[in-house]
Amino acid sequence: MENFASLLHGFGVALTTYHVMLMMIGVLLGILVGVLPGLGAPNGVSLLLPLTFTMDPVAAIILLTSMYWGALFGGSTTSILFNIPGEPSSVATTFDGYPMARQGQATQALTLAFLSAGFGALVGVILITVLSTWVAKFALRFSSPEYFAVYFLAFASFIGLGAASPFKTIVSMGLGFAFAAVGMDTVSGGLRLTYGFNELLSGISFLIAVIGLFGIGELMLTMEEGLRFDGIRARVKIRDVFKTVATLPRYWVTLLRSSAVGCWMGITPGGPTAASFMSYGLAKRLSRRKEGFGRGEPEGVVAPETADHAAGSSAILPMLALGVPGSATAAVMMGGLMIWGLNPGPMLFVERPDFVWGLIASMYLGNIVAVLMVLATIPLFASILRIPFAIIGPVIVVVCFIGAYTVAGRPFDLWLALAFGGVGYLFKKLDYPIAPLVLAMVLGDKAEDAFRQSMIMSRGSLSIFWSNGLVATLMLIGLALAFGPLLSSTLGRLLKPKTSSAVA
């Protein structure tokens, strides 16, 4: 009941003309970001973030989250109509969405994608509503050792649960820690990794890094692939939309299963991309129509879209309650909170309940607005992709550099963005994950401060991380996740000869 009363208060905060207008603007900008190649939700949010510095934090976070929802929907549009995933998490949608569109079922595919996405997002927001206060109260028991254990668990989760190679994840995370260490040490006041550049005294802004990694890096890759936009023209007819809505309940098992997968992968650092692929794989394995997958099976659209948006929504929960983002976009939003003077974590629920519950209420409203607006604007945004890439590409570059310059007004940041663009390009080519790097840049200083404070409390003894049941449990789980891949591969090699000899 306490959460319900807080949610009603949140609706009172979010349901104003000004905030609803911000939702609509954010969704439209997000759809545009999702449709344009080379941009994406993390980069779009980072580009918009400098414009929110003078805004009220509640209005600013509503604008950013609405852009996030719109970007996810925009990625689905290009996946179905052009066979081009606007977001990495939309790749699985192309497997059956594009074949449906080619068979003349574009309206059905788009409607199923948007409605199932809205359902998944709704389940994720309900999860946040129910669990956020409990998680925040539980986190109030934390001190420096517990916070470091939580950060360690988050980093270890990327290693143990991520889809990429553990070695590549560790390399990506290590680079993120190095970038986070650049500048003045907050404890000793000494300079670290500045190499004589005065511009690096204040450190490297994670916004510059995200713009380069996700924006310029993706654009370099797109240019190399020589992407052409040959899409299917689609007009959304109201009659076909209602017919498709009537068929949605027959996929209730897929909707619930995919929502569960998405929520789990959102709370843990698995992320929307892993959730969409996992959900698609489960749907294909458990479906009675396995042979239809890859040829235009509607369930192949429902499953990844539901999981994608459930993961995107539920990733906000650990960011708000624990200060640990569950995705790259959540990490960018968390950086925005810190820029606005807000500290993500349990005290945020005590100090700024209007912000927390206004955000949660706006997530309900924002997703409804996103579903309605994306259905109404499909022809408009689909026509953008028919503009030659020779025109769109330079426009994206200009937008990225304007966003990088807006952060602090320094020309040096333009070179940094370009350098990070090269890093992002290499990461994509070599199949290194970018999300762990962004997470380490956002949480690196906080994890280091928590570790140092713990060492001061214990006079340099690591035993403080085993001093009570809570911190010891978190550390044990983190160690199990960090070393799990190594142990499983070692056991596999040890057991393989025995198995083969037994068979012989």
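**Surface, helices and a pocket**

Mentor: To start, the chain has an accessible surface of about 21400 Å², and carbon and sulfur atoms hold 68% of that. Such areas come from the Shrake-Rupley method with a 1.4 Å probe, and for residues only the protein chains shown count as cover. This is a predicted model, where local features need pLDDT of at least 70 and side-chain atom pairs count only at pLDDT 80 or more, while totals for chains, interfaces and linings use all residues. Residues are numbered from 1 along each chain as its sequence is written, and side-chain values use heavy atoms, with hydrogens and water left out.

Trainee: How many helices and strands does the chain have?
Mentor: Helices (H or I, at least four residues) and strands (E, at least two) are DSSP runs, numbered from the N terminus. On that basis, the chain has two strands and 21 helices.

Trainee: What percentage of the 504 residues is buried?
Mentor: Buried means under 20% relative accessible area, exposed means over 50%, and partly exposed is in between (1.4 Å probe, protein chains only). With that cut-off, the buried share of the 504 residues is 56%.

Trainee: How many residues of H13 are buried?
Mentor: Helix H13 covers residues 299-314 and reaches 22 Å from first C-alpha to last, close to the expected 22 Å. That expected span is 1.5 Å times one less than the number of residues. H13 is mostly covered, and its buried count is 16 of 16.

Trainee: Is Ser-66 buried or exposed?
Mentor: Ser-66 sits in helix H4, residues 57-82. Beyond its neighbours within four places in sequence, Ser-66 is in contact (heavy atoms within 4.5 Å) with Leu-22, Met-23, Gly-26 and Val-27. Its relative accessibility is 1%, so Ser-66 counts as buried.

Trainee: Which helix gives the most to the lining of the second largest pocket?
Mentor: A pocket is found on a 1 Å grid over the protein atoms alone: it is an open set of points where a 1.4 Å probe fits, with protein on both sides within 12 Å along at least five of seven lines, and lining residues have an atom within 4 Å of a point. Here the second largest pocket has 40 lining residues, with Met-338, Val-442, Asp-445, Lys-446 and Asp-449 nearest its centre. Several elements supply at least two lining residues each, including helix H7 (144-161) and strand S1 (183-184). With eight residues, the top contributor is H20.

Trainee: How many residues of that pocket's lining are charged?
Mentor: Asp, Glu, Lys and Arg count as charged; Ala, Val, Leu, Ile, Met, Phe, Trp, Tyr, Cys and Pro as nonpolar; and the others, Gly among them, as polar. The lining divides into 22 nonpolar and 10 polar residues, and the charged ones number eight.

Trainee: What is the relative accessible area of Asp-431?
Mentor: Asp-431 lies in the loop between helix H19 (411-429) and H20. Although not a glycine, Asp-431 has a positive phi of about 60°. Asp-431 is exposed because its relative accessible area is 55%.

Trainee: And where is Arg-459 found?
Mentor: Arg-459 is another residue other than glycine with a positive phi, near 60°. Its relative accessibility is 83%, so Arg-459 counts as exposed. Its place is the loop between H20 and helix H21 (469-503).
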